[in-house]
Amino acid sequence: MTKHEPARSREQRKQDVLDHLEKDKDAWVSTASPDGVPTLVPLSFVWDRGTLLMATRRTNPTAVNVTPAGHARIAVGHTRDVVLVEVIEGADLATESGDAFASKLNWDLRGRPTWVHLRFTPTAVKAWREENELTGRELMAEGRWLD
């Protein structure tokens, strides 16, 4: 039997999630086409003022899939320390957001018409490491952090 670390408090899990979102660079993004064809791709991201900012070619399935409905699931971290984010696509790219993306990832796509920035606003966040953290894994619901 594997011995696990004690379950983290909600406060500690939230801080760990925010650390992942601030420091990590890549995430798995899951979307589906209108007829239900799933797509799972890795994309680089920046945590920018409470949203996840990503970029991909406008013609890639991920961009096409999120444009009509805006729904996606994003996983950050390893399988033994996962952050699962449910999102909706949000607003246009602000200048400060483009600066943050270019600074963190050393990749400035502004002015390139075949690429699109995608801004995802979290609506739900779950985080857990092991089975002992499944209870209480919901940290955000309906776009608000839980107490």
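**Questions on a predicted protein chain**

Guide: Among contacts in the protein chain between residues at least 6 apart in sequence, 62% join residues at least 24 apart. The model shown here is a predicted one.

Visitor: Which helices and strands does the protein chain have, and in what pattern do they follow along the sequence?

Guide: There are three helices and eight strands in the protein chain. Read along the sequence, their pattern is α-β-β-β-α-β-β-α-β-β-β.

Visitor: What is known of burial and of the accessible surface in the protein chain?

Guide: Of the 147 residues, 37% count as buried. The accessible surface comes to about 8800 Å², and 51% of this belongs to carbon and sulfur atoms.

Visitor: Why does Ser-97 count as buried?

Guide: Buried means under 20% relative accessible area. Ser-97 has 0% relative accessibility, and therefore it counts as buried. Ser-97 lies in helix α3, residues 95-105. Leaving aside neighbours within four places in sequence, Ser-97 is in contact with Asp-48, Arg-49, Leu-53 and Arg-119.

Visitor: How do you know whether Thr-62 is buried or exposed?

Guide: The relative accessible area of Thr-62 is 2%. Thr-62 is found in helix α2, residues 61-69. Not counting residues up to four places away in sequence, Thr-62 touches Val-29, Thr-31, Thr-39, Val-41, Leu-43 and Leu-118.

Visitor: What makes Ala-75 partly exposed?

Guide: Partly exposed lies between buried, under 20%, and exposed, over 50%. Ala-75 has a relative accessible area of 22%, so it is partly exposed. Ala-75 belongs to strand β4. Apart from residues up to four places away in sequence, Ala-75 touches Ala-27, Trp-28, Val-82, Val-83 and Leu-84. The C-alpha atoms of Ala-75 and Ala-127 are separated by 9.8 Å, and these residues are 52 residues apart along the chain.

Visitor: Which residues form the covered and the uncovered face of strand β1?

Guide: In β1, residues 26-32, the covered face holds Ala-27, Val-29 and Thr-31. The uncovered face holds Asp-26, Trp-28, Ser-30 and Ala-32. In a regular strand the side chains alternate between the two faces of the sheet.

Visitor: How do you know that β1 and strand β2 pair?

Guide: Two strands pair if there are at least two bridges between them. Seven bridges join β1 to β2, residues 38-48, so these strands pair, and they run antiparallel. Thr-31 has Thr-39 as its bridge partner in β2. The hairpin of β1 and β2 has five residues between the strands, and in this hairpin Gly-36 takes a positive phi near 90°.

Visitor: What makes β1 and strand β4 a pair?

Guide: The pairing requires at least two bridges. β1 and β4, residues 71-78, have three bridges, and therefore they pair, in the antiparallel sense. The bridge partner of Val-29 in β4 is Ile-74.

Visitor: How far apart are the mean positions of the positive and negative charges?

Guide: For the 20 positive and 22 negative charges of the protein chain, the mean positions are 2 Å apart.

Technical notes: Residues numbered from 1 in each chain as written. Predicted model: local features only at pLDDT ≥ 70, side-chain atom pairs only at ≥ 80, totals over all residues. Heavy atoms only, no water. Helix = DSSP H or I, 4+ residues; strand = E, 2+ residues; numbered from the N terminus. Buried < 20%, exposed > 50% of the residue type's maximum accessible area, 1.4 Å probe, protein only. Contact = heavy atoms within 4.5 Å. Areas by Shrake-Rupley, 256 points an atom, 1.4 Å probe, with all protein chains shown as cover. Lys, Arg positive; Asp, Glu negative; His and termini not counted. Charge placed at Lys NZ, Arg CZ, Asp CG, Glu CD.
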